[in-house]
Amino acid sequence: MHLLLSGIVGSVAYGLAGPGSDTDRLGVFAAPIVAFHGLRPPRESVVTTDPDVTLHEARKYALLALSGNPTATELMWLPDDCYETRTGFGEELIAIRSAFLSAPRVRDAYLGYAAQQFRKLAGRPADAGGRLRSAKHARHLARLLHQGRVLYATGVLEIRLADPEWFRAFGERVSGGALEEAQALVADAEAEFDRIRSPLPERPDEETVERWLLAVRAAYLPR
C-alpha cells in the first residue's frame, strides 16, 4: 500500500467536534500494480474503527468523488492543518479537485445524503440516547445542506464552518422536538438549489481524473 493523501475529516474538520467526538481519518492509497494480476484483486477499501480510519484505493476513491460523494470529496478540500499525509500525487489530486465536480451530481448527492439524515431523525426514539443521536444527525443534515449549497453556487467546498454554534444550536432544537424545523430546512434547500445558476459543469472532467489515475498506476509498475 502506498498512501497518497490522508487527513482528519468529519466534525473535527468542520469545527463541530465536542468532548465526546471521534477523530475520523480518510485517505487514498495506491495498490502495487502487481497485486492486480493475482488470483484476487487488491482490497478497494481498508476500514478500521479503533482508530476510525477509512482508506480507499485510488480507483475506488476517484469513482466515489466523481459520483459527488460528500465524504470522499471533502478530502480534497481540507484546511491545511487537517492533512497528515501529502505526497506528490496527493498534491496533484488537490490541484485537480474541481475536475471531479458537476452540478447534477453535487445537487443529488448533498440533497440525497441530507434526506438520509432526516429519515434517521424521524425514526429516532425520544429517550436520552435517541436525543443525543438526533442532535448529531440534525447537525449533519444542516451541514450537508449548507456545504452543498455553497459548493453548487460557487464551485468551492467550505469545510470549516464559519458559525459552528448555529449548527450546534440547530441540533439541540431538533433533538428537543423541533423536527418541523429540519423538514423546513430541507424544503428551503431544495428550492434554493432550483433557483441557483451553478457555475459547475453538467459533467465532471473525467479525462483529467483519468490522467491522474494512469500516472499513479505508471508510478507503481514493477521496475
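Which residues lie nearest the centre of the largest pocket? They are G10, S11, D24, K136 and H140, out of 39 residues that line this pocket. A pocket here is an open set of points on a 1 Å grid over the protein atoms alone, where a 1.4 Å probe fits, with protein on both sides within 12 Å along at least five of seven lines; lining residues have an atom within 4 Å of a point.

The model is predicted: local features need pLDDT of at least 70, side-chain atom pairs count only at pLDDT 80 or more, and totals for chains, interfaces and linings use all residues. Residues are numbered from 1 along each chain as its sequence is written, and side-chain values use heavy atoms, without hydrogens and water.

The largest pocket holds about 960 Å³ of space, a volume being the space filled by probe spheres set on the grid points, which are joined across faces, edges and corners. At least two lining residues come from each of α1 (11-14), β2 (24-30), β3 (45-49), β4 (52-57), α3 (70-74), α5 (103-122) and α6 (128-154). Helices (H or I, at least four residues) and strands (E, at least two) are DSSP runs numbered from the N terminus. The most comes from α6, with 8 residues.

Two of these contributors, β3 and β4, form a hairpin with 2 residues between them. The strands run antiparallel and are joined by 5 bridges; pairing requires at least two DSSP bridges. T48 has V53 in β4 as its bridge partner.

As for confidence, pLDDT (the predictor's confidence in each residue, from 0 to 100) averages 92 over the protein, and 97% of residues reach 70 or more.
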